[in-house]
Amino acid sequence: MVERKYIAPNAITAANMFLGYLSITASIAGDFSKAIWFIILAMVCDGLDGKTARKLDAFSEFGKEFDSFCDAISFGLAPGILVYSVLKSSDGMKSFVIPISFIYALCGVMRLVKFNIVTTASSEKDDFSGMPIPSGASVVCSYLLFVEVVKTNFGMNLFSIEVFVGLTLLAAILMVSTIPFKTPDKVFGFVPKKLTIPFIVLILVTLKYSMFIVTCYYILVNLTKFFTERSKEDIE
């Protein structure tokens, strides 16, 4: 008999996977906008299941494994299919559609396997070895979202297939790297507590623009810190 406290977080995790599944179906149908938003909603669920588990003290090895399997669908396979569909519908790089989209999905799954091996289910949220997979999905989705809204609102086509492929491969590499990535709350710890809610509201209201900016900032802060520390070690 499953204890009641485990039902809510696992149900939210299942919703995460369902949204990833819907994203895949939307990508196959060529509705890239819906595919992106389904992945973004899956990110919301991914954040909520952890918070719910902490609130209810409902951590378990099953929950950790279930979360990772669902993340593999929502942030590994779904963005991989999205990349495949976008590249397939674009001119150029037709020969690299499958390799590029598969490499992203493969690296995402490998990232989750590594995470499960080195972590245990607990209420503590440690820093990451390699970029977390939701951030990888955010790189893919936020760029597409950004260029779409700029084109719609300003009539400027900023989409570049070379940039998109570069960002996709960068996300894949960072996910399987050993570069330390701090949790987002530490990276954005400069925001005063009393302004946390207004800051979050601002991000949500301007999400179509801010998601790409916030994602780039998160990556740049972590990479800058890593290479700065490496250079200091080399000098010493």
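Lys225 and Glu229 lie 4 residues apart, about one turn of the helix, within helix 9 (residues 207–235); helices here are DSSP runs of H or I with at least four residues, numbered from the N terminus. Their side chains form a salt bridge with an N to O distance of 2.5 Å. Under the criterion applied (a side-chain nitrogen of Lys or Arg within 4 Å of a carboxyl oxygen of Asp or Glu), the count is 1 salt bridge.

The model is predicted: local features require pLDDT of at least 70 and side-chain atom pairs count only at pLDDT 80 or more, while totals for chains, interfaces and linings use all residues. Residues are numbered from 1 along each chain as its sequence is written, and side-chain values use heavy atoms, with hydrogens and water left out. The mean pLDDT (the predictor's confidence in each residue, from 0 to 100) is 89 for the chain, and 95% of the residues score at least 70.

Ile98, Phe102, Leu106, Met110 and Val176 make a nonpolar surface patch of about 470 Å². Patch residues have over 30% relative accessible area and no salt bridge, with nonpolar side chains (Val, Leu, Ile, Met, Phe, Trp, Tyr) joined within 5 Å; areas follow the Shrake-Rupley method with a 1.4 Å probe, only the protein chains shown counting as cover for residues. Helix 4 (residues 97–118) contributes the largest share, 4 residues, and Leu106 is located in helix 4.

The second largest pocket holds about 300 Å³ of space. A pocket is an open set of points on a 1 Å grid over the protein atoms alone, with protein on both sides within 12 Å along at least five of seven lines, and lining residues have an atom within 4 Å of a point. Volume is the space filled by probe spheres set on the points, which are joined across faces, edges and corners. The lining of this pocket comprises 6 nonpolar, 4 polar and 2 charged residues, including Phe32, Glu148 and Lys151. Helix 5 gives the most, 4 residues.

Note on methods: 1 Å grid on protein atoms, 1.4 Å probe; cavity = no way out; pocket = protein on both sides within 12 Å on 5 of 7 lines; lining within 4 Å. Helix = DSSP H or I, 4+ residues; strand = E, 2+ residues; numbered from the N terminus. Nonpolar A, V, L, I, M, F, W, Y, C, P; charged D, E, K, R; others polar. Patch = residues over 30% accessible without salt bridge, like charges linked within 9 Å, V, L, I, M, F, W, Y side chains within 5 Å.
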